[in-house]
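Here are my notes on the model, point by point. Please read them with the structure open.

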Amino acid sequence: MRTLLALVAVAALAAVTVVVLRGNDAGDARTGSVTLVGDSLNVGIEPYLPLELEGWTIDTDDVVGRATLAGVDALRTLGEGLAPVVVVSLGTNDAAGDVEGFRRLVQEALRLAGPDRCVIWTTIVRDGSPREEQNDVLRAAAGANDNLRLVDWATMVAEEPELLAGDLVHATEDGYVRRAQAIAEAVRACPPRTPPQT
């Protein structure tokens, strides 16, 4: 009888352990807050990102046709109101060739976000081609800043050109879905923000 009771107790403990492990092993179960600051490519993901980040709070400050300078101004205005994760889509509407100006704006955007926020920036495609000079700036910034993560939209489009709409700038519906999925994956990969020590 004691052996039977012991076996039942062990089986019950094992069942509880499995339930606890299943509850804790889902990495995407973590939720948080995200601020979107960008252009029409961010506008395009707005319907799809909440489906990928269920339970997350998502605030948007996206404007069609927005250039990086105006986006940095928006970051400045939002200030401490920025969420722990900031999703940036800027650069597509900038004039080609001003690499140093873009580099300064990227650095300013990172300064405004601060080192404790996770910043996700999508690489840039215009007229069906990657804007490599700007993307190189983003890659260098990501290499120098632990809190900057890139979503490589340029590579996604190079591998699947059908993700782009006919204007070769915006995405198709499927393209926006895929872009939202890639951004959500990057958001979930951000380390949890640790509150400042008091």
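1. The protein exposes about 10,700 Å². Carbon and sulfur atoms supply 56% of that area. Accessible areas come from the Shrake-Rupley method with a 1.4 Å probe, and for residues only the protein chains shown count as cover. Buried residues make up 40% of the 198 residues; buried means under 20% relative accessible area, exposed over 50%, partly exposed in between (1.4 Å probe, protein chains only).

2. A word on the basis. This is a predicted model, in which local features need pLDDT of at least 70 and side-chain atom pairs count only at pLDDT 80 or more, while totals for chains, interfaces and linings use all residues. Residues are numbered from 1 along each chain as its sequence is written, and side-chain values use heavy atoms, with hydrogens and water left out.

3. The protein has 8 helices and 7 strands. Helices (H or I, at least four residues) and strands (E, at least two) are DSSP runs, numbered from the N terminus. Of the contacts with a separation of 6 or more, 72% are between residues 24 or more positions apart. Contact means heavy atoms within 4.5 Å.

4. Helix α5 (residues 99-113) has 15 residues and reaches 21 Å from its first C-alpha to its last. That is close to the 21 Å expected at 1.5 Å a residue; the expected span is 1.5 Å times one less than the number of residues. Its buried residues include Val99, Phe102, Leu105 and Leu112. Their cover includes α4 (68-78), β4, α6 and β7 (148-151). Just after α5, Gly114 takes a positive phi of about 85°.

5. Glu108 is also in α5. Leaving aside neighbours within four places in sequence, Glu108 contacts Val72 and Arg76. Its C-alpha lies 9.8 Å from that of Leu69, 39 residues apart along the chain.

6. How many aromatic pairs does a search of the whole structure find? The search finds 1. The ring centres of Phe102 and Trp121 are 6.2 Å apart and the planes are at 85°, so the pair is edge-to-face. Phe102 is in helix α5 and Trp121 in strand β4 (residues 118-122), 19 residues apart, so the pair links distant parts of the chain. Both residues are buried. The rule: rings of Phe, Tyr and Trp (its six-membered ring) pair if their centres lie within 6.5 Å, with planes under 30 degrees apart stacked, over 60 edge-to-face and the rest tilted.

7. Gln134 lies in helix α6 (residues 132-144). Gln134 counts as buried because its relative accessibility is 8%. Beyond its neighbours within four places in sequence, Gln134 touches Gly91, Asp94, Phe102 and Ile124.

8. Helix α8 (residues 173-189) has 17 residues, which should span 24 Å at 1.5 Å a residue; the end C-alpha atoms are 25 Å apart, which agrees. Among its buried residues are Tyr176, Arg179, Ile183 and Val187. The charged end of Arg179 sits over the ring of Trp153, 5.0 Å from its centre. That call needs NZ of Lys or CZ of Arg within 6 Å of the ring centre and within 35 degrees of the ring normal.

9. There is 1 disulfide, defined as a pair of cysteine sulfur atoms within 2.5 Å. It joins Cys118 to Cys190, S to S 1.9 Å. With -65° about the S-S bond, the link is left-handed. Cys118 is in strand β4 and Cys190 in the segment after α8, 72 residues apart. Cys118 is buried at 6% relative accessibility, and Cys190 is buried at 2%.
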